[in-house]
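Subject: Handover of a structure

Hello,

Please find the structure below. My notes on it follow directly after.

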Amino acid sequence: MQGESKSIFKGNILFLLLVVINMSLGFILAGIHKIFNLDITEELSLIVTQLAILIPVVIYVLVTEKNFFKFIRFKKFNIWSAFLLVILVYCMWPIIAIINAISMLFATNMIQGTVNTIANNYGLLISVFLMAVVPAIVEESTFRGALLSSYKKYNPLVAVVFTAILFGLMHQNFNQMLYATAMGLIFGIVIEATDSIISTMIMHFIYNGTSVAMTYLLPKLYDALETLSKMQGIEYDATAAIEAANTEFTNADLLKTIGIMLPFAIIGLVLGILIINLIAKLNGIDKYLFGIIKRDKTDNIEVKQKKDIKDIIITYSPLVIGIIACLVVAVLYEIK
């Protein structure tokens with residue numbers, strides 16, 4: 001096993017290790033709760049999970065590469081691009097909303113309960129730190145950092161798509177799998193446009209942070225509306241409004257949401273493509289979305305060589321096991 005295959009194999013091993021650790025944590029935390037009678041809160045579980053993902057990534061990079069930050073592409077990029085990234089996040093928002101609504105037609109929303117619990121029990125800053133800052137650093141270092149760099153030696157475009165799919169699968173529930181894959185695809189394209197993982201950390205933080213802020217502020221908005229209504233002699237029940245907002249959507253509601261968001265998604269897609277190309281130009285890359293498809297003729301000579309079936313099995317077995325494990329967990333979540 002040489003060159004490209006060796007790099008892919010290392011990436012596949014890392015993915016399998018992440019899956020195993022993520023699946024094992026549930027049993028470990030449950031065991032700690034039972035043996036030591038410790039209360040395992042949502043925030044503690046979240047922090048432990050994120051640390052459990054980051055630690056093997058750091059070890060992996062240190063073992064396989066000399067420079068951690070260089071390998072994950074932690075470096076500065078054009079400052080004006082940062083402002084465009086903010087706009088890009090909100091351009092992709094309706095697209096992600098539609099994909100989320102489509103997934104909820106057949107899958108359970110697994111994350112909203114956690115977001116509500118943390119946002120309602122803790123202050124805004126702590127909630128944003130737990131749900132936005134930590135995931136932005138950890139998940140981007142893992143998927144757009146270590147894994148994308150490992151697979152990129154095969155083909156940049158394939159690596160972007162593939163790591164996006166793995167990012168979705170790693171969430172291990174069908175609801176998050178779909179929209180996380182879409183987000184991973186956008187993040188992967190952006191990091192190739194900026195050549196800096198800081199850009200995708202910023203996008204990830206803005207997206208998660210906005211979601212948490214909206215969840216945290218919505219009940220307060222309803223309370224303010226109730227206060228104003230009482231001052232004007234108008235009857236308004238904030239509690240009922242909050243309960244209605246948290247009520248599970250029916251398929252009719254979801255289809256209506258998709259219909260409403262579709263025009264905005266189309267506009268967002270067009271603007272997003274233009275913005276990504278502009279970001280690429282600001283960072284010295286011309287004809288970006290077309291250029292990424294073209295492979296460097298000087299690279300990947302090994303691809304043209306006939307590969308031994310044994311090497312293929314060895315290289316991709318960890319990946320297949322990891323993917324099957326994620327799908328099995330997702331199915332179990334739906335049927336339990």
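This is a predicted model: local features need pLDDT of at least 70, side-chain atom pairs count only at pLDDT 80 or more; totals for chains, interfaces and linings use all residues.

Residues are numbered from 1 along each chain as its sequence is written, and side-chain values use heavy atoms, with hydrogens and water left out.

Overall

The chain has 13 helices and 0 strands; helices (H or I, at least four residues) and strands (E, at least two) are DSSP runs, numbered from the N terminus. Of the 336 residues in the chain, 43% are buried. Buried stands for under 20% relative accessible area, exposed for over 50%, and partly exposed for what lies in between (1.4 Å probe, protein chains only). The chain exposes about 18,100 Å², and carbon and sulfur atoms supply 70% of that area. Accessible areas come from the Shrake-Rupley method with a 1.4 Å probe; for residues, only the protein chains shown count as cover. Among the contacts in the chain with a separation of 6 or more, 81% are between residues 24 or more positions apart, a contact being heavy atoms within 4.5 Å.

Helices H8 and H11

The axes of H8 and helix H11 (residues 251-282) come within 8 Å and cross at roughly 25 degrees. Axes here are lines fitted to C-alpha atoms, for helices over the stretch in contact, and angles run from 0 to 180 degrees between N-to-C directions. H8 and H11 are therefore roughly parallel to each other; angles under 35 degrees count as roughly parallel, over 145 as roughly antiparallel, 65 to 115 as roughly perpendicular and the rest as oblique. On the H8 side the contact has Ile189, Val190, Ala193 and Thr194, which meet Ile276, Ile279 and Ala280 in H11. By class, the residues of this contact are 6 nonpolar, 1 polar and no charged. In that scheme Ala, Val, Leu, Ile, Met, Phe, Trp, Tyr, Cys and Pro count as nonpolar, Asp, Glu, Lys and Arg as charged, and the others, Gly among them, as polar.

Salt bridges

A salt bridge is taken as a side-chain nitrogen of Lys or Arg within 4 Å of a carboxyl oxygen of Asp or Glu. By this rule there are 5 salt bridges.

One of them joins Arg73 and Glu192, with the closest N and O atoms 2.7 Å apart. This pair links distant parts of the chain, 119 residues apart: Arg73 is in the loop between helix H3 (68-71) and H4, and Glu192 is in helix H8 (residues 174-194). Arg73 is buried, at a relative accessible area of 7%, and Glu192 is buried at 11%.

Another joins Lys75 and Asp195, where the closest N and O atoms are 2.6 Å apart. Lys75 lies in the loop between H3 and H4 and Asp195 in the loop between H8 and helix H9 (197-231), so this pair ties together parts that are 120 residues apart in sequence. Lys75 is partly exposed at 38% relative accessibility, and Asp195 is partly exposed at 29%.

Glu140 and Arg144 also form a salt bridge, their closest N and O atoms being 2.7 Å apart. The two are 4 residues apart in helix H6 (residues 124-151), which means a separation of about one helical turn. Both Glu140 and Arg144 are buried.

Single residues

The contacts listed here leave out neighbours within four places in sequence.

- Ser141 is in helix H6 and is buried, with a relative accessible area of 4%. Ser141 is in contact with Leu54, Val57, Ile72, Ala146, Ile197 and Met201.
- Pro94 is in helix H4 and counts as buried at 9% relative accessibility. Pro94 touches Met261, Phe264 and Ala265.
- Leu105 is in the loop between helix H4 (79-104) and helix H5 (112-121), and is partly exposed at a relative accessible area of 31%. Leu105 is in contact with Asn251, Leu254, Leu255 and Ile258. The C-alpha atoms of Leu105 and Asp253, 148 residues apart along the chain, are separated by 9.9 Å.

Regards
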